[in-house]
Amino acid sequence: MLRLAIIGAGRIGQVHARTIYAHPGAELVTIVDPVPGAAAALAATFGAKSSEKVEDVYEDPTIDAVVICSPTSCHVDQIIASVAAGKAVLTEKPIDLSVARVDECLAAIRGQEHRVMVGFNRRFDPGVVELKGRLDAGEVGELRQVTIISRDPAAAPAQYMVNSGGIFKDMTIHDFDMARFLLGDIAEVSASGHAFIDDIRGIGDIDTCAVTLTAPSGATATILNSRVCAAGYDQRIEVFGPKGALETTNLRTTGVRSSSGSGTEVAGPYLPFFLERYAAAYTAELDHFITSIEAGTAPSPSVLDGRAALVIAEAAGTSLAGHAMVAVV
Ligand SMILES: NC(=O)c1ccc[n+]([C@@H]2O[C@H](COP(=O)([O-])OP(=O)(O)OC[C@H]3O[C@@H](n4cnc5c(N)ncnc54)[C@H](O)[C@@H]3O)[C@@H](O)[C@H]2O)c1
């Protein structure tokens with residue numbers, strides 16, 4: 001039984017609290033959040049302790065592992081302090097908004113990197129797991145094109161957006177990791193995008209983008225993102241090669257398809273957002289983390305995977321600003 005603490009009781013903290021509570025190999029010991037009452041309200045739901053002081057987690061020798069769900073700017077300090085206190089860590093993405101800061105983190109946790117996992121949950125989605133397995137088994141032949149469509153139903157709260165680091169580091173980072181997961185290392189990035197939404201233009205960010213990543217083999221990954229989508233949470237991936245293609249499609253509240261003379265359609269809307277769409281992925285992610293830590297093996301994705309996705313995000317920002325193809329170094 002792994003005894004876990006959650007740092008940060010916001011949107012994703014609530015997802016992880018539910019997942020830990022439901023896992024037979026995990027015990028949710030405590031939730032901390034500096035906002036008065038935030039951790040207490042969530043912890044009460046799961047019979048866990050709560051605190052407004054993050055130090056309480058580091059100082060509790062009965063806590064084996066920490067799930068970091070605080071704002072991105074807090075992650076590195078909390079990873080370093082947790083590792084120094086002997087805890088294993090599952091940190092939310094991105095590790096930080098700066099590659100230099102991730103390198104400081106790597107230096108500080110040297111020798112213990114194998115006890116830190118980054119929460120790129122989409123790698124654990126059952127559809128992605130099957131697609132990757134069949135891709136690796138050669139079903140489409142040599143991988144030539146990856147297409148990733150990822151659109152949120154609605155933009156996050158303004159207070160979140162202003163500190164998010166922008167679309168590439170906050171949102172597309174999932175897709176950069178997915179592109180690496182499917183395609184391997186990336187050599188070049190070309191990005192374009194626009195702010196159609198006034199509030200997002202107002203904070204100097206964009207809400208809609210198209211990014212093309214090119215691998216050394218010449219294969220490409222094309223990523224399409226939007227911060228809003230009238231149809232709901234739109235999550236699709238296609239891999240294409242000379243022998244065919246494999247696709248993961250959107251999940252719906254119902255899969256019943258109607259067919260008539262006027263057309264065919266699936267009536268149910270897309271699942272609303274990440275909590276519902278990736279519920280199985282968060283469970284599998286936690287399960288992998290617990291199994292790895294208990295076995296003393298390194299969980300994946302690693303801090304180096306988190307760093308690699310951030311390097312691509314920085315290159316995408318440079319590409320957008322300079323209207324140019326940028327090498328990933
Ligand atoms: N993997 C995913 O699907 C996914 C989804 C959403 C968010 N995220 C990531 O999770 C992180 C949190 O995002 P969110 O949407 O839950 O944000 P949020 O604003 O909803 O929640 C953050 C929480 O952290 C608390 N907090 C603030 N400062 C803190 C500190 N110093 N120590 C501990 N807690 C602190 C806040 O009070 C708040 O309750 C971000 O890094 C984000 O990129 C990942």
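Me: Which residues does Gly 241 touch, not counting those up to four places away in sequence?
Reply: Gly 241 touches Val 140, Gly 141, Glu 142, Leu 143 and Arg 144. Two residues are in contact if their C-beta atoms, placed from the backbone, lie within 7 Å. This is a predicted model, where local features need pLDDT of at least 70 and side-chain atom pairs count only at pLDDT 80 or more, while totals for chains, interfaces and linings use all residues. Residues are numbered from 1 along each chain as its sequence is written.

Me: How far apart are Gly 241 and Leu 143 in sequence and in space?
Reply: They are 98 residues apart in sequence, and their C-alpha atoms are 4.9 Å apart in space.

Me: And where is the place of Gly 241?
Reply: Gly 241 is in strand β11, residues 234–241. Strands (E, at least two residues) and helices (H or I, at least four) are DSSP runs, numbered from the N terminus.

Me: Why is Gly 241 classed as partly exposed?
Reply: Gly 241 is partly exposed because 17 other C-beta atoms lie within 10 Å. A residue is buried if 20 or more other C-beta atoms lie within 10 Å of its own, exposed if 12 or fewer, and partly exposed in between, with C-beta atoms placed from the backbone.

Me: New topic: which residues of α1 are buried?
Reply: The buried residues of α1 are Ile 12, Gly 13, Val 15, His 16, Ala 17, Thr 19 and Ile 20. What covers them includes β1 (2–7), β2 (26–32) and α11 (279–295).

Me: What does α1 contribute to the shell around the ligand?
Reply: Helix α1 (residues 11–22) gives three residues, the largest share of that shell.

Me: How many residues surround the ligand, and which are the closest?
Reply: The ligand is surrounded by 24 residues, the closest being Gly 8, Gly 10, Arg 11, Ser 70 and Glu 92. A residue is near a molecule if its C-beta atom, placed from the backbone, lies within 6 Å of it.

Me: Which domains does the assignment give?
Reply: The assignment gives domain 1 (2–118) and domain 2 (123–280 + 309–327); such bounds come from an automatic or database domain assignment. Their contact takes 10 residues from domain 1 and nine residues from domain 2. The centres of the two domains, taken over C-alpha atoms, are separated by 27 Å.

Me: Last one: what is Ile 312 in contact with, beyond its neighbours within four places in sequence?
Reply: Ile 312 is in contact with Phe 176, Ile 186, Val 189, Leu 213 and Val 328.
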